[in-house]
Amino acid sequence: MKTGMYILVAASIFLLGFSVAKKTDGSLIDNQKMTQVGIIVEDIEKAAEAWSSFLGVEEAPRMSIAEGHESKPTMFKGNPSDAKAKLAFFKLDNITIELIEPLEGPSTWREFLEEKGPGIHHVAFNVGDMDRTVQKFSEAGIPELQHGGWGTGEYAYMDGSGSLELIIELLENY
């Protein structure tokens with residue numbers, strides 16, 4: 001009987017250690033669903049080939065160019081930038097892997113590659129109100145690094161390197 005009780009208590013403690021994190025009202029993001037991992041690469045064609053092989057995908061995704069849009073021009077550290085990057089997206093069941101090859105202009109992508117080399121640049125979350133969310137991050141000591149957009153949405157890279165050890169990307173689609 002005692003052994004059974006000890007096993008039950010041990011199992012309960014073990015299971016409590018794997019409980020799901022509960023969101024508090026003080027959260028900086030609207031939800032806890034990470035949507036993307038962004039990886040800076042030196043050669044996107046080579047990296048896309050490697051990821052395709054690793055994932056067992058027959059062909060690499062189509063690549064696109066990220067650049068400023070007239071409705072949301074790119075700003076890097078508060079200044080206008082002509083930043084461009086080549087992108088490839090692997091959409092998995094639970095998350096998207098974004099490969100990013102910096103092309104030209106000052107950007108968080110270029111800075112990361114020059115200072116740290118290839119590697120994980122950011123994790124991304126979808127948000128419903130970009131301006132409010134950027135303000136909440138800034139008030140929490142996590143400043144905006146880069147901001148831009150496209151015809152149907154916008155992004156902001158927030159510098160969480162001090163407290164969170166990496167950059168957080170906020171994405172809003174309209």
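This is a predicted model: local features need pLDDT of at least 70, side-chain atom pairs count only at pLDDT 80 or more; totals for chains, interfaces and linings use all residues.
Residues are numbered from 1 along each chain as its sequence is written, and side-chain values use heavy atoms, with hydrogens and water left out.

Let me begin with the sheet. Ten strands form an open sheet with mixed pairing, in the order S2-S5-S6-S1-S7-S10-S9-S8-S3-S4, where strands are DSSP runs of E with at least two residues, helices are runs of H or I with at least four, and both are numbered from the N terminus; two strands pair if DSSP finds at least two bridges between them. The edges are strand S2 (64-67) and strand S4 (79-80), each of which pairs on one side only. S2 runs antiparallel to S5 and is joined to S5 by four bridges, and Glu67 has Lys84 in S5 as its bridge partner.

Now to helix H2. Asp43 caps its N-terminal end, with a side-chain oxygen 3.1 Å from the backbone nitrogen of Glu45, and just after the helix Gly56 takes a positive phi of about 75°. Which residues of H2 are buried? They are Ile44, Ala47, Ala48 and Ser52, where buried means under 20% relative accessible area, exposed over 50%, and partly exposed in between, with a 1.4 Å probe and protein chains only. Seen down the axis of H2, these buried residues fall within an arc of 135°, so they line one face of the helix; the arc is taken from the directions from the helix axis to the C-beta atoms. They pack against S5 and S6, whereas the face turned away carries the exposed residues Lys46, Glu49, Ser53 and Phe54.

That leads to the cores, a nonpolar core being a set of buried Ala, Val, Leu, Ile, Met, Phe, Trp, Tyr and Cys residues joined through side-chain atoms within 4.5 Å. The largest has 23 residues, and those with the most contacts inside it are Leu99, Phe137, Met158, Ile168 and Leu170. Apart from it lies another core of 15 residues, among them Ala85, Ile100, Leu113 and Tyr157.

Finally, Leu113 sits in helix H3 (residues 108-116) and counts as buried because its relative accessibility is 16%. Leaving aside neighbours within four places in sequence, Leu113 is in contact (heavy atoms within 4.5 Å) with Ile40, Val41, Glu42, Pro102 and Pro118.

Technical notes. A polar contact is a pair of N or O atoms within 3.5 Å; within protein, one must be able to donate a hydrogen and the other to accept it, and residues adjacent in sequence count only if both atoms are side-chain atoms.
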